[in-house]
Amino acid sequence: MKILAASPVQPPSAAETMRHIEKGTAQFRRTNWALFAGGFATFALLYCVQPMLPVLSAAFALSAAQSSLALSISTITLAIGLLLTGPLSDALGRKPVMVAALCAAALCTLLTPLMPNWHALLLMRALVGLSLSGLVAVAMSYLSEEIHPQHLGLAMGLYISGNALGGMSGRLVSGVLVDFVSWQAAVATLGGLALLAALLFWRLLPDSRHFRPTPLSFANLANGLRLHLTDRGLPWLFLEAFLLMGGFVTLFNYIGYRLLEAPYNLSLSLVGLLSVVYLSGTYSSTQAGLLADRLGRHRVFWPAILLMLGGLLLTLFASLALILVGMLLFAFGFFAAHSLASSWVGRRALQARGQASSLYLFSYYLGSSVAGTLGGLFWQRGGWTGVGLFIAALLAVALLVALHLSRLPPKQPQA
């Protein structure tokens, strides 16, 4: 019997080191699985408390508004963290920042059930949001640097699909678990799953090959900010992030109020199950990326926004079936548009990409906070018709911006 000695692993050649990751390779599959797992865990941890808000109200003797802080404080610290973690990754590297961020968020979630009071719980949720900013801000930059430009749309679409599935699953899993076990056990379960996802992410994600560190200094941050804000396309893409996410969050914040009332009178659990329409985003984000790789983002982006407008229009009808179809189309168009805009930022930002991604996502979550809150005023004054008109106004501006972007020539790397 021969004993076969393991042959030493050969370091990659210089040509292999500089080669971008292409579709069909093992590295492409590993990258996409890793970022799918990372995106899934990120948004499951972020949104897992949403179905638990009534339970938290009862456990800590809180009003509904106070209970909602368990979610809103995480999104606030995430938005603030985005301004820091993107530039930090430009200095320290993409993978180390993302791995540390995901592990920290999972550990903070595991500690959350052990907190002795409401304020300590809010502190843990704030740290979860701050930690998650390290993956949310950096993943787009990593893909833009490491994936071959011809396949970037597909890779970004797969990452966004993981986000969509994570946001849906975090709501569904915690919503089901909390009916059978304590909220502490439900949160701990999701924290454990996220820690496993973090380990999978660390093992699968290839190390950066095209990352070039930029020293972290105020001068570099200011220079990067100036470059991004004076670019002909990037400020418009940041505005798109605000408008699209603002419209998306507004619809899903207030559609439940409408469906709980007559003539629908749906139960809370059935309204919660409507998050399954997020599944359409796992398909549309990937397919939009494939189409963009073949036809160009400028030809695919504005039709995705038009699809959102069509879905919104269907929700204005009284038929429950039409409302559900409208929500499905709206989510389909949103995740496609978000995927396209995300990859577009990576293609236009030739320097300080981490900072560019952070600015895009800061605008994204700012839109969620501002428009999501303003939508409540329109609900109080005009019911669902008022909300629909508000979202339509946001999307009309987004469509005009998309048409403007479609006329911009591609940005060429400097020699």
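**Close-up views of a predicted, helical model**

**View 1. Surroundings of Ser74 in the predicted model.** Leaving aside neighbours within four places in sequence, Ser74 makes contact with Leu46, Arg125, Ala126 and Gly129. The model shown here and in the views that follow is predicted. Ser74 belongs to helix α5, which covers residues 69-92, and a polar atom of the Ser74 side chain lies 2.8 Å from the backbone oxygen of Arg125. With a relative accessible area of 0%, Ser74 is buried, because residues under 20% are placed in that class.

**View 2. The protein chain as a whole, as a setting for the close-ups.** The protein chain has 16 helices and zero strands. When contacts between residues at least 6 apart in sequence are considered, 84% of them join residues at least 24 apart.

**View 3. The pairing of helices α6 and α9.** Helix α6 (residues 94-111) and helix α9 (residues 183-204) have axes that come within 7 Å and cross at roughly 165°. Angles over 145 degrees count as roughly antiparallel, and α6 and α9 are therefore roughly antiparallel to each other. The crossing of these two helices, α6 and α9, is left-handed. On the α6 side, the residues that meet α9 are Lys95, Met98, Val99, Leu102, Cys103, Ala106, Thr109 and Leu110. On the α9 side, they are Val187, Ala188, Gly191, Gly192, Ala194, Leu195, Ala197, Ala198, Phe201 and Trp202. By residue class, the contact of α6 with α9 comprises 14 nonpolar residues, three polar and one charged.

View 4. The loop that joins α11 (234-260) to α12 (268-273) contains Pro263, and the peptide bond leading from Ala262 to Pro263 is cis, with omega near 5°. Asn265 also has its place in the loop between α11 and α12, where it adopts a positive phi of about 50° although it is not a glycine. Most residues other than glycine have a negative phi, and most peptide bonds are trans. The relative accessible area of Asn265 is 53%, so that this residue is classed as exposed, the class for values over 50%.

How values were computed:
Residues are numbered from 1 along each chain as its sequence is written. This is a predicted model: local features need pLDDT of at least 70, side-chain atom pairs count only at pLDDT 80 or more; totals for chains, interfaces and linings use all residues. Side-chain values use heavy atoms; hydrogens and water are left out. Axes are lines fitted to C-alpha atoms, for helices over the stretch in contact, and angles run from 0 to 180 degrees between N-to-C directions. Helices (H or I, at least four residues) and strands (E, at least two) are DSSP runs, numbered from the N terminus. Angles under 35 degrees count as roughly parallel, over 145 as roughly antiparallel, 65 to 115 as roughly perpendicular and the rest as oblique. A crossing is left-handed if the near helix is turned anticlockwise from the far one by less than a right angle, and right-handed if clockwise. Contact means heavy atoms within 4.5 Å. Ala, Val, Leu, Ile, Met, Phe, Trp, Tyr, Cys and Pro count as nonpolar, Asp, Glu, Lys and Arg as charged, and the others, Gly among them, as polar. Buried means under 20% relative accessible area, exposed over 50%, partly exposed in between (1.4 Å probe, protein chains only). A polar contact is a pair of N or O atoms within 3.5 Å; within protein, one must be able to donate a hydrogen and the other to accept it, and residues adjacent in sequence count only if both atoms are side-chain atoms.
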